[in-house]
Amino acid sequence: MADLTPTPGIHHVTCIASDPQRNLEFWVETLGLRLVKRSINQDDPGTYHFFFADAEGTPGTSMTFFPWGDLPQGKVGSGQVSRTAFRVPEGSLDYWEDRFDRHDVDYDDPVERFGETVLPFRDPDGLPVELVAVDVPEDDPTVPWTAFVPEDAAIRGFHSVTLWLADPEPTMDLLRTMGFEEVGTEQSPGDTPGDERTRFAATGPVGRYVDVLPTVESGRQGHGTVHHVAFQTPTDEDQEAMRRAVRSKGLRPTRQIDRHWFRSVYVREFGGVLFELATSGPGYTSDEPLDELGGRLVLPGRFEDRREEIEAGLPDVTIPRPEPVEADD
């Protein structure tokens with residue numbers, strides 16, 4: 001479509017956890033991401049919603065979680081985001097292997113993929129995650145948070161997501177409609193052995209890749225799985241144009257929904273993965289100063305009037321306290 005602005009890439013990825021305290025400790029203390037927002041699931045206000053990102057909550061850096069303790073353990077399969085990958089600076093993977101050893105993180109040997117070195121690991125709920133060593137440019141938009149991990153190893157936003165799909169072709173066509181360009185294919189040992197991985201690239205510098213793999217392996221949503229992946233549509237106009245483009249493919253996107261820090265449109269793509277289109281603004285600093293991000297429970301809009309009730313129903317958590325890297329390491 002002539003008026004369509006291609007997506008710059010991933011905006012955020014939202015996953016399902018079990019224990020909220022364990023989730024906080026792993027993603028902040030072990031992986032070194034900043035808790036930039038502590039809130040609630042706006043569709044289920046009895047559940048936390050945690051947002052972990054770079055130092056400023058830059059679009060393309062936030063991994064978010066719903067700690068739904070009453071759900072069963074999930075299983076990654078067809079129709080899901082099977083892997084979420086983050087960028088780390090070139091040369092830092094030895095640091096991360098040593099850190100994973102010291103923190104008892106379950107990880108695999110590094111593998112090579114599209115000319116890059118990838119370190120696969122799992123969070124405490126079994127969520128498959130990867131670190132990809134890249135050359136981070138000086139003008140990179142991400143801002144490393146260095147309370148627990150040094151700058152030369154800190155996570156610098158998303159690298160990619162991998163989609164497992166029974167029939168990849170309709171989804172690959174949708175990705176092209178959204179502005180992704182197919183950039184290569186290769187065999188993918190260690191993921192779905194023997195299957196061919198197809199990579200698509202968006203236009204932005206962060207979270208620009210989506211990999212597609214065919215598989216008929218069955219899965220179920222629960223702890224350790226991805227709930228949805230959001231793609232950047234920076235302005236309302238960009239989002240509406242993308243919404244029209246998605247509808248033109250025969251899908252049924254929702255109306256725009258105000259999520260307080262961004263405005264969202266949701267659509268279940270052909271293979272079953274839940275996609276979100278998210279605006280860049282107003283952003284995580286719209287209701288908290290930059291130096292206080294994540295410091296309090298933020299209740300969007302109408303939920304503030306229910307603060308006492310909501311806080312009484314949420315489990316107590318302790319926010320990890322930033323310490324100097326020397327003390328942690």
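Which residue forms a salt bridge with Arg 156, and how far apart are the closest N and O atoms? I looked this pair up first in my notes.

**Entry 1, ground rules.** I am working from a predicted model, in which local features need pLDDT of at least 70 and side-chain atom pairs count only at pLDDT 80 or more, while totals for chains, interfaces and linings use all residues. Residues are numbered from 1 along each chain as its sequence is written, and side-chain values use heavy atoms, with hydrogens and water left out.

The partner of Arg 156 is Asp 140, with the closest N and O atoms 3.9 Å apart; I take a salt bridge to be a side-chain nitrogen of Lys or Arg within 4 Å of a carboxyl oxygen of Asp or Glu. Both Arg 156 and Asp 140 lie in the loop between strand 9 (128-134) and strand 10 (158-165), 16 residues apart, where strands (E, at least two residues) and helices (H or I, at least four) are DSSP runs numbered from the N terminus. I noted Arg 156 as buried at 10% relative accessibility and Asp 140 as buried at 9%, using under 20% relative accessible area for buried, over 50% for exposed and the range in between for partly exposed (1.4 Å probe, protein chains only).

I found 22 salt bridges in the structure. One of them joins the side chains of Asp 3 and Arg 244 at 2.5 Å, N to O; Asp 3 lies in the segment before strand 1 (10-17) and Arg 244 in helix 4 (residues 236-248), so this pair ties together parts that are 241 residues apart in sequence. Asp 3 is partly exposed with a relative accessible area of 42%, and Arg 244 is likewise partly exposed, at 35%. I also recorded Arg 307 with Glu 304, whose closest N and O atoms are 2.7 Å apart, and Glu 304 is partly exposed at 36%.

Most residues other than glycine have a negative phi, and most peptide bonds are trans. Phe 114, however, has a positive phi of about 50 degrees; it sits in the loop between strand 7 (111-113) and strand 8 (116-122) and is partly exposed at 24% relative accessibility. His 260 has a positive phi of about 80 degrees, lies in the loop between strand 15 (257-258) and strand 16 (263-268), and counts as partly exposed at 27%. The peptide bond from Gly 281 to Pro 282 is cis, with omega near 10 degrees, and I placed Pro 282 in the loop between strand 17 (274-278) and helix 5 (307-313).
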